[in-house]
Amino acid sequence: MSISPRRHSVGVNVGGVMVGGGAPIVVQSMTNTDTADIEATVRQVAQLWRAGSEIVRITVDRDEAAAAVPHIRDRLAARGVNVPIVGDFHYIGHKLLTDHPAAAEALAKYRINPGNVGFKAKRDTQFATLIELAMKYDKPVRIGVNWGSLDEELLTRLMDENSASTTPVSAAAVQREAIIQSALLSAQRAEELGLARDHIILSTKVSDVQHLIAVYQDLAARCDYALHLGLTEAGMGSKGIVASSAAMGILLQQGIGDTIRVSLTPEPGGDRTQEVRVAQELLQTMGFRQFLPVVAACPGCGRTTSQTFQVLAKEIQDHLSASMPEWKERYPGVESLSVAVMGCIVNGPGESKHANIGISLPGTGETPAAPVFVDGQKVATLRGADVAEQFKVMVADYIEKRFGTAEKTAAE
């Protein structure tokens with residue numbers, strides 16, 4: 001199956017990062033620190049950025065958090081971390097941005113949830129205040145609907161209309177329609193207030209895979225706003241990874257989505273950057289972006305009772321990942337590198353020929369020799385107890401020759 005053409009969407013500039021408009025799909029993440037703790041938040045934003053997050057969202061929920069925002073921006077800049085910071089607002093965002101103009105100016109985008117921006121008579125007024133502040137400071141907004149905080153008045157009205165209909169649909173279908181209408185009506189209101197179309201991103205998040213697919217398919221067919229994808233409350237570990245990948249993978253395959261976040265629940269004390277790596281791997285696996293060199297390795301079988309190839313594959317993968325922040329500057333294009341580390345001669349030589357550089361280690365009972373292939377050609381056979389170290393040196397040499405700027409400059 002081929003990938004569908006990207007859906008046309010209006011491009012939105014988020015602090016120098018283009019979302020939509022044909023730009024590459026952007027990876028986002030969010031901190032889980034108390035934003036009022038400036039140093040902890042700066043540290044985590046920097047970690048997420050180094051892992052590859054191109055936009056980072058922070059919670060702005062009270063005065064202390066809002067007051068911290070400009071200091072967070074300044075400390076990040078002092079560390080050379082140039083990543084757009086998005087403020088996540090609920091309930092009192094209109095007041096916080098009004099009372100803290102330095103925060104309103106420092107943020108690259110405002111995230112507004114129409115389900116809790118205000119209630120009853122206050123909803124329209126407080127939403128209008130947020131949009132007016134976005135226009136005052138020339139900031140884009142993400143109107144982010146979440147089925148856990150859906151506009152109850154809208155949902156109730158649609159449910160009543162459905163009950164009175166001669167052809168009623170399921171309650172789930174009505175809820176999906178309420179989610180979509182909440183986003184579209186809010187965007188329409190923002191434009192009526194004067195916010196430009198190229199300052200609006202929409203998201204309609206749910207935590208059920210099939211509902212997420214259905215909601216975004218419908219939303220994409222009914223507007224050309226840039227869309228942020230994410231399975232909300234995806235869960236922990238493999239469950240969250242599989243669910244997010246299944247839902248967003250289908251939508252991305254259909255050309256839907258301009259920016260994504262994988263909302264993983266970290267293990268207690270776990271690494272927040274995992275969600276960034278999963279998002280990158282999803283886009284890279286599907287062929288939309290190239291973030292890191294690819295290391296192909298076989299799963300192992302009865303022919304590969306030695307763990308040598310597993311250890312080497314992990315060492316190569318870890319080394320490439322750790323080196324990428326420096327290599328992006330030193331070796332332009334190195335993210336396209338492919339390496340194969342195979343455990344025996346069955347598929348080893350073939351896979352190695354497909355990679356830029358690959359090695360086929362000897363399996364159980366096989367001759368202790370490891371052929372190495374470079375760009376499809378066998379260039380060496382390694383032997384001895386230090387085969388792994390020999391191969392890592394060859395990988396480093398290949399990167400220098402293939403991607404080194406000095407080599408490229410000399411050749412030109």
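This is a predicted model: local features need pLDDT of at least 70, side-chain atom pairs count only at pLDDT 80 or more; totals for chains, interfaces and linings use all residues.
I'll start with the cores. The largest nonpolar core has 82 residues. Within this core, Tyr110, Leu202 and Ile260 touch the most other members. Helix 7, residues 171–192, is the element that gives the most to this core, with eight residues. There is also a second, separate core of 26 residues, and its members include Met324, Val339, Ala370 and Ile399.

Back to Leu202 for a moment. What does Leu202 touch, leaving out residues up to four places away in sequence? Its contacts include Ile143, Ala183, Leu184 and Ala187, and also Leu219, Cys223 and Tyr225. Ala226, Leu227 and His228 are on the list too.

Next, the helix pair. Two packed helices are described by the angle between their axes and the distance between the axes. For helix 9, residues 237–253, and helix 10, residues 274–285, the angle is about 35° and the axes are 11 Å apart. The crossing is right-handed. On the helix 9 side, the residues that meet helix 10 are Ile241, Ser245, Met248, Gly249 and Leu252. Helix 10 brings Gln274, Val278, Leu282 and Leu283. Sorted by type, the residues of this contact are six nonpolar, three polar and no charged.

Last, Thr31. You will find Thr31 in the loop between strand 3 (26–30) and helix 1 (38–51). Is Thr31 buried or exposed? Thr31 counts as buried, because its relative accessibility is 3%, and buried means under 20%. Leaving out residues up to four places away in sequence, Thr31 touches Gln44, Val45, Leu48, Val56, Arg57, Ile58 and Arg272.

Notes. Residues are numbered from 1 along each chain as its sequence is written. Side-chain values use heavy atoms; hydrogens and water are left out. Axes are lines fitted to C-alpha atoms, for helices over the stretch in contact, and angles run from 0 to 180 degrees between N-to-C directions. Helices (H or I, at least four residues) and strands (E, at least two) are DSSP runs, numbered from the N terminus. A crossing is left-handed if the near helix is turned anticlockwise from the far one by less than a right angle, and right-handed if clockwise. Contact means heavy atoms within 4.5 Å. Ala, Val, Leu, Ile, Met, Phe, Trp, Tyr, Cys and Pro count as nonpolar, Asp, Glu, Lys and Arg as charged, and the others, Gly among them, as polar. Buried means under 20% relative accessible area, exposed over 50%, partly exposed in between (1.4 Å probe, protein chains only). A nonpolar core is a set of buried Ala, Val, Leu, Ile, Met, Phe, Trp, Tyr and Cys residues joined through side-chain atoms within 4.5 Å.
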